[in-house]
Amino acid sequence: MSNFSSIYKLCLLTVTCCIQACSSSSRCPAVECWLVQENVNRRGATTQEKFLLHITTDVNSRDAASEQIPSDVNPDTVFFITDPAATLCHQSLSPPPRGSEQKAQCEISPFLHQPSTLKWVSPLTVSGFSPVYLQADWFSAALLGLNKQLVISSIMRAPTATKEPNVILTVTSKTVSVQARLGKPVLLDCGFWVDPSSPLSGSGFAVEWRYQFRGKGQLVLAYDGKSDRVADTQEEGARLDFEGLHKNGNASLILQETKVRHSGTYICTVYLPYLQAQVAMELEIVEPPSLSIHPSPLPLAVPGQTLVVQCEASGFAPLSLEMSWEFKGADGKSRPLESASVTGHRQAWDGTYGQSARLELDTSNVGTGGELTCVAVHPGGTRRASTSLSVIGFGSPSIEDSMAMVGVALLLYGLIKFVSWTFSSSDTDVADEETKKEK
Ligand SMILES: *[C@@H]1O[C@H](CO)[C@@H](O)[C@H](O)[C@H]1NC(C)=O
């Protein structure tokens with residue numbers, strides 16, 4: 001009996017240990033990372049070497065971490081990083097299951113600290129002499145989590161000639177790629193963390209948001225955190241949450257009302273004295289089209305007539321639209337119709353696009369009519385507009401109809417014959433009289 005209970009206890013212990021080990025390793029995975037640095041032999045060229053980032057949240061557990069590295073990994077190719085904020089422990093940076101193509105991305109490179117001359121940053125380094133604290137090896141790491149869940153930029157300091165850096169500044173964003181509807185408010189996430197034990201932490205910070213599109217850059221907003229004021233803003237309706245900024249390092253940008261021209265890359269940069277880190281994110285304004293059919297309502301058509309119908313799509317962005325036509329007859333089945341042409345696009349004052357599709361509809365193929373639908377497929381969603389189509393007159397005539405038609409035709413023939421006979425006889429009478437007069 002005691003045997004059984006001790007086995008039981010052993011099992012329980014093993015399971016508990018396993019759970020603890022597994023969970024701690026999944027919380028702080030080792031990250032594969034490229035060390036990119038300037039090639040000492042060739043100026044301008046860079047070299048890339050594969051490294052492993054071993055991350056702990058506590059300096060004291062670093063020794064334990066060094067024991068954890070797999071035996072087939074050369075310890076010279078490992079960075080032992082201490083990240084008290086545990087930002088680098090995000091699950092989206094875990095190695096993916098074997099065989100999967102997707103991977104987190106990571107790059108680490110030597111970082112050159114220097115004072116910034118930007119108007120909203122220079123007050124941070126006003127004393128002019130740099131602290132001894134800066135004399136160390138500095139690195140900057142850029143990480144992108146799986147499925148773009150998270151982007152991280154970290155500045156780390158390692159005692160000279162060690163590969164044991166401490167994270168000093170981290171900037172992150174969870175909105176790496178955002179889509180927003182036109183005219184709605186949008187939040188571009190940016191958060192930062194500063195090691196409170198660093199001498200640089202108490203001396204203020206600055207935040208800058210820049211916008212880039214097709215190679216052209218522009219300042220959106222600059223905030224001088226030392227004197228707590230917005231130093232510059234180039235975009236109406238762009239703001240920060242100043243309380244969250246000072247309390248939690250929430251530097252998210254809020255655009256009050258999105259416009260088409262807001263699509264592009266946004267860069268959030270956080271400055272400490274001598275240090276800076278930045279993350280970039282994409283915003284795309286996606287607005288599906290509004291559709292209208294002209295003429296509306298459609299005129300009554302007779303069989304064999306060709307109806308020209310236009311479908312107007314307007315107010316959409318980006319410029320990516322597929323337009324087509326469908327017809328649903330009396331049988332209730334929809335079938336596609338061949339569109340005659342699609343016009344080139346126009347751009348409206350608000351940056352949205354417009355386009356129209358023309359249909360030349362041969363009404364002899366649509367029976368007595370049905371429902372005509374214009375379909376527009378857009379990244380923002382598919383839109384449809386319908387109108388009813390009526391064709392009057394005979395479809396394919398029945399036997400009775402044919403008989404009646406023959407009857408009517410005969411009657412008409414008789415009538416015409418009679419009328420023409422009456423007229424021609426009176427005509428000859430008149431002609432006779434005239435010839436008589438001439439004589
Ligand atoms: C940052 O601030 C914005 C605006 O107040 C808020 O919506 C967002 O949830 C905050 N983010 C975090 C991580 O607290």
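Because the model is predicted, local features are reported only where pLDDT is at least 70 and side-chain atom pairs only at pLDDT 80 or more, whereas totals for chains, interfaces and linings use all residues. Residues are numbered from 1 along each chain as its sequence is written, and side-chain values use heavy atoms, with hydrogens and water left out. The protein chain has an average pLDDT of 83, where pLDDT is the predictor's confidence in each residue, from 0 to 100.

**Confidence along the chain**

- Of the residues in the protein chain, 84% score at least 70 in pLDDT.
- Confidence is lowest in helix α1 (residues 2-27), with a mean of 46, and highest in strand β9 (residues 186-188), with 97; helices (H or I, at least four residues) and strands (E, at least two) are DSSP runs, numbered from the N terminus.
- Over residues 10-26 pLDDT stays under 50, and the model has 1 contact beyond four places in sequence for this stretch, a contact being heavy atoms within 4.5 Å.
- Over residues 430-439 pLDDT likewise stays under 50, and here the model has 0 contacts beyond four places in sequence.

**A sheet of three strands**

- An open sheet is formed by 3 strands in the order β9-β15-β14, with antiparallel pairing; two strands count as paired if DSSP finds at least two bridges between them.
- Strands β9 and β14 (238-240) stand at the edges of this sheet, and because each has a single partner strand, one side of each is left without a neighbour in the sheet.
- On average, neighbouring strands of this sheet are turned by 25° against each other, direction ignored, as judged from axes that are lines fitted to C-alpha atoms (for helices over the stretch in contact), with angles running from 0 to 180 degrees between N-to-C directions.
- The antiparallel pairing of β9 with strand β15 (residues 253-255) runs over 3 bridges, and V186 stands opposite L255 in β15.

**A buried loop residue**

- T125 is found in the loop between β4 (105-110) and β5 (137-144).
- T125 counts as buried because its relative accessibility is 13%, the classes being buried under 20% relative accessible area, exposed over 50% and partly exposed in between (1.4 Å probe, protein chains only).
- Leaving aside neighbours within four places in sequence, T125 is in contact with P115, P273 and Y274.

**Salt bridges**

- A search of the whole structure finds 8 salt bridges, each defined as a side-chain nitrogen of Lys or Arg within 4 Å of a carboxyl oxygen of Asp or Glu.
- One of them joins the side chains of K103 and E32 at 3.4 Å, N to O; this pair links distant parts of the chain, with K103 in the loop between β3 (78-82) and β4 and E32 in strand β1 (residues 31-38), 71 residues apart.
- K103 counts as partly exposed at 48% relative accessibility, and E32 counts as partly exposed at 41%.
- E32, K50 and K103 are linked in a network of salt bridges.
- Another salt bridge joins the side chains of E326 and R384 at 3.2 Å, N to O; E326 lies in strand β20 (residues 322-328) and R384 in strand β26 (residues 381-390), so this pair ties together parts that are 58 residues apart in sequence.
- E326 is partly exposed, with a relative accessible area of 22%, whereas R384 is exposed, with 52%.
- The side chains of E360 and R358 also meet in a salt bridge, at 2.4 Å, N to O; E360 counts as partly exposed at 43% relative accessibility, and R358 is partly exposed, with a relative accessible area of 29%.
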